[in-house]
Amino acid sequence: MKTRFLIAALALLAGIPAMTIGVTSGVVAADKPVVIADATGTVGGIKVPSANHPITTDVPAEATHREITDDQKRVRNYADQPPLIPHAIRDYQIDLNINKCLTCHDRRNTAGSQAPMLSVTHFQDRDGQTLGTVAARRYFCTQCHVPQTDAQPIVPNSFQDFDSVLGHAQGGQK
Ligand code: HEC
Ligand code: HEC
């Protein structure tokens, strides 16, 4: 019994220097000033917007953008673009038990809702078979259909629609 205690005590003592070294080296590392960005807020020439915002500063949150829910159809940029959702979809549940979208857009429900029916492609499985109900691969509507907000795009976009590309090719107007 005594020898066991002795061994345990020795093991503990042996551990202390290792722990001390660990702690000390941690302190040394933390003491070194960590240069994140220079006075101009850049690191290696790249602008770091957070450089002058220590985590203790309260930065006011950006205003959230308003959803566009005017019920107006948006023009599609190409023929098989999933049309954008022109109405609110907040809290619309889509899971194993219920698909809120289908309560209006399914073939059976459009008389009551006056919503446009899903097109036939939504009833076709991957082999092109038209099924009686919505195909599994079209069940999660918001995988493809999205609402819009009044936010401005962060990245500029030079997308041109098919007609204007054709116009270019023929030397016509944009
Ligand atoms: C309460 C009924 C209702 C529900 C629920 C509903 N919609 Fe709609 N949806 C409509 C109606 C009505 C329109 C026609 C435009 C309008 O009135 O907003 C429409 C329009 C659309 C359009 C535009 C179609 C086009 O040709 O431009 C899309 C896409 C759409 N809905 C997708 C969805 C999705 C996805 C969901 C679920 C997240 C959903 N809707 C839930 C009623 C509904
Ligand atoms: C895999 C992508 C995808 C999914 C998932 C999907 N859609 Fe679509 N949807 C499309 C595309 C692409 C179009 C336009 C071409 C077409 O009709 O196939 C479309 C068209 C529509 C239209 C317009 C139909 C018309 O004739 O004007 C409605 C309404 C619609 N979808 C609703 C829904 C609803 C509701 C769901 C969920 C049950 C859903 N979609 C799931 C891609 C998708």
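This passage describes the overall architecture, the confidence, the ligand surroundings and several individual residues of a predicted model.

Residues are numbered from 1 along each chain as its sequence is written, while chains are lettered from A and ligands numbered from 1 in the order in which they are written. Because the model is predicted, local features need pLDDT of at least 70 and side-chain atom pairs count only at pLDDT 80 or more, whereas totals for chains, interfaces and linings use all residues.

The secondary structure of the protein chain consists of four helices and two strands, in the order α-β-β-α-α-α from the N terminus on. These elements are DSSP runs numbered from the N terminus, with helices (H or I) of at least four residues and strands (E) of at least two. Of the 174 residues of the protein chain, 2% count as buried. A residue is buried if 20 or more other C-beta atoms lie within 10 Å of its own, exposed if 12 or fewer, and partly exposed in between, with C-beta atoms placed from the backbone. Contacts were defined as pairs of residues whose C-beta atoms, placed from the backbone, lie within 7 Å. Among such contacts between residues at least 6 apart in sequence, 35% join residues at least 24 apart.

The mean pLDDT of the protein chain is 80, and 67% of its residues reach 70 or more. Where pLDDT is low, the predicted coordinates should not be read in detail.

The surroundings of the two ligands were examined next. A residue was taken as near a molecule if its C-beta atom, placed from the backbone, lies within 6 Å of it. Ligand 1 is surrounded by 20 residues, of which the closest are Asp-71, Pro-83, Cys-101, Cys-104 and Ala-115. Helix α2 (residues 102–105) gives the most to this shell, with three residues. By class, the shell around ligand 1 holds ten nonpolar, seven polar and three charged residues. In this division Ala, Val, Leu, Ile, Met, Phe, Trp, Tyr, Cys and Pro count as nonpolar, Asp, Glu, Lys and Arg as charged, and the others, Gly among them, as polar. Ligand 2 is likewise surrounded by 20 residues, the closest being Pro-82, Ser-119, Thr-121, Cys-141 and Cys-144. The shell around ligand 2 divides into eleven nonpolar, seven polar and two charged residues.

Several residues lie in the loop between β2 (46–47) and α2, including Asp-71, Asp-91 and Leu-96. Most residues other than glycine have a negative phi. Asp-71 is exposed because 8 other C-beta atoms lie within 10 Å, and Asp-91 is exposed because 6 do so. Leu-96 counts as exposed, with 6 C-beta neighbours inside 10 Å. Leu-96 and Tyr-139 are separated by 43 residues in sequence and by 9.7 Å in space, C-alpha to C-alpha.

Arg-138 is located in the loop between α3 (110–113) and α4 (162–169). Arg-138 is partly exposed, since 16 other C-beta atoms lie within 10 Å. Between Arg-138 and His-122 the C-alpha to C-alpha distance is 5.6 Å, at a sequence separation of 16 residues.

Definitions and conventions:
pLDDT = per-residue confidence, 0-100. Contact = placed C-beta atoms within 7 Å.
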